[in-house]
Amino acid sequence: MSVSKNIVVLSGSPRKGGNTDKLAAAFVEGAQSAGKNVTLFRVADMKIGGCLACNGCERMGTMCVQKDDMLEVLDTLLLADAVVFASPVYYFSVSAQLKLAIDRIYALSRICEQSGKPITIKRAALLMPCEDTWVETAAGATEIVERMCDYYKWENAGSIIVTGVLNPGETEDRIELEKARELGRKI
């Protein structure tokens with residue numbers, strides 16, 4: 001499969017400058033060093049409502065009936081060939097802030113189906129710091145990305161899980177930062 005050129009990173013950590021931000025920044029650094037166009041959205045700082053399950057995106061042929069910050073994210077995803085999800089582990093899954101954005105990606109699939117245009121995203125990845133030292137604590141989050149990849153027929157470019165980190169800065173000397181840079185270069 002060809003290398004991605006337009007990448008969207010959705011970062012769901014409400015903690016600015018924390019471990020999720022460090023992982024996302026390392027990924028972006030690697031991707032940009034390889035000449036890729038990267039757009040990073042800190043969805044935790046954006047006004048994004050939960051999906052209303054109204055199917056207005058399908059019925060009305062619009063991206064979403066909600067006029068919030070997710071519309072900018074969806075417009076950018078329309079041009080992306082890769083999406084990267086970044087989130088701390090929150091009770092065995094992604095943060096609620098990232099889950100809101102993930103749920104709203106439904107509108108993207110509906111509008112693409114209706115217009116006859118395929119979703120341009122071809123691959124996805126996950127970046128995730130985890131307080132626990134047991135990597136399986138992140139299984140709920142990795143499952144979300146795996147199911148999305150299966151459903152949309154995206155290549156799963158992998159997950160980088162950093163275990164045993166809680167406080168900001170604890171990822172500083174971890175090998176996973178270089179792995180995130182390398183994933184950015186290769187995705």
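**Exercise 1. Determine which helix gives the largest share of the lining of the second largest pocket in this predicted model, and describe that lining by class.**

Solution. Begin with the space itself, which for the second largest pocket comes to about 160 Å³. Next, list the residues around this pocket, namely Ile102, Asp103, Ile105, Tyr106, Ser109, Arg110, Ile144, Met148, Tyr151 and Tyr152. Then assign them to elements: helix 4 and helix 5 (139-152) each supply at least two residues of this lining, and the largest share, 6 residues, comes from helix 4. Finally, sort the lining by class, which gives 7 nonpolar, 1 polar and 2 charged residues.

**Exercise 2. Describe how helix 3 and helix 4 are placed relative to each other, and which residues meet.**

Solution. Two packed helices are described by the angle between their axes and the distance between the axes. The axes of helix 3 (residues 70-77) and helix 4 (residues 96-115) come within 10 Å and cross at roughly 60 degrees. An angle of 65 to 115 degrees would count as roughly perpendicular and one under 35 degrees as roughly parallel; helix 3 and helix 4 are therefore oblique to each other. As to handedness, the crossing in which helix 3 passes helix 4 is right-handed. At the residue level, helix 3 brings Met70, Leu74 and Leu77 to the contact, where they meet Ala101, Arg104, Ile105, Ala107 and Leu108 of helix 4. Divided by class, the residues of this contact are 7 nonpolar, no polar and 1 charged.

**Exercise 3. Find how many cavities of 30 Å³ or more the whole structure holds, and characterise the largest cavity.**

Solution. Rolling a probe the size of a water molecule over the atoms shows where empty space is left. By class, the lining of the largest cavity divides into 9 nonpolar, 3 polar and 2 charged residues.

**Exercise 4. State the volume of the largest pocket and work out what lines it.**

Solution. The largest pocket has a volume of about 270 Å³. It is lined by 17 residues, of which Pro88, Val89, Tyr90, Pro129 and Leu166 are the closest to its centre. Turning to the elements, helix 1 (19-33) and strand 4 (123-130) each supply at least two residues of the lining of the largest pocket. The classes in this lining are 9 nonpolar, 5 polar and 3 charged.

Technical notes
Residues are numbered from 1 along each chain as its sequence is written. This is a predicted model: local features need pLDDT of at least 70, side-chain atom pairs count only at pLDDT 80 or more; totals for chains, interfaces and linings use all residues. Side-chain values use heavy atoms; hydrogens and water are left out. Axes are lines fitted to C-alpha atoms, for helices over the stretch in contact, and angles run from 0 to 180 degrees between N-to-C directions. Helices (H or I, at least four residues) and strands (E, at least two) are DSSP runs, numbered from the N terminus. Angles under 35 degrees count as roughly parallel, over 145 as roughly antiparallel, 65 to 115 as roughly perpendicular and the rest as oblique. A crossing is left-handed if the near helix is turned anticlockwise from the far one by less than a right angle, and right-handed if clockwise. Contact means heavy atoms within 4.5 Å. Ala, Val, Leu, Ile, Met, Phe, Trp, Tyr, Cys and Pro count as nonpolar, Asp, Glu, Lys and Arg as charged, and the others, Gly among them, as polar. On a 1 Å grid over the protein atoms alone, a cavity is a set of points where a 1.4 Å probe fits but cannot get out, and a pocket is an open set with protein on both sides within 12 Å along at least five of seven lines; lining residues have an atom within 4 Å of a point. Grid points are joined across faces, edges and corners, and a volume is the space filled by probe spheres set on the points.
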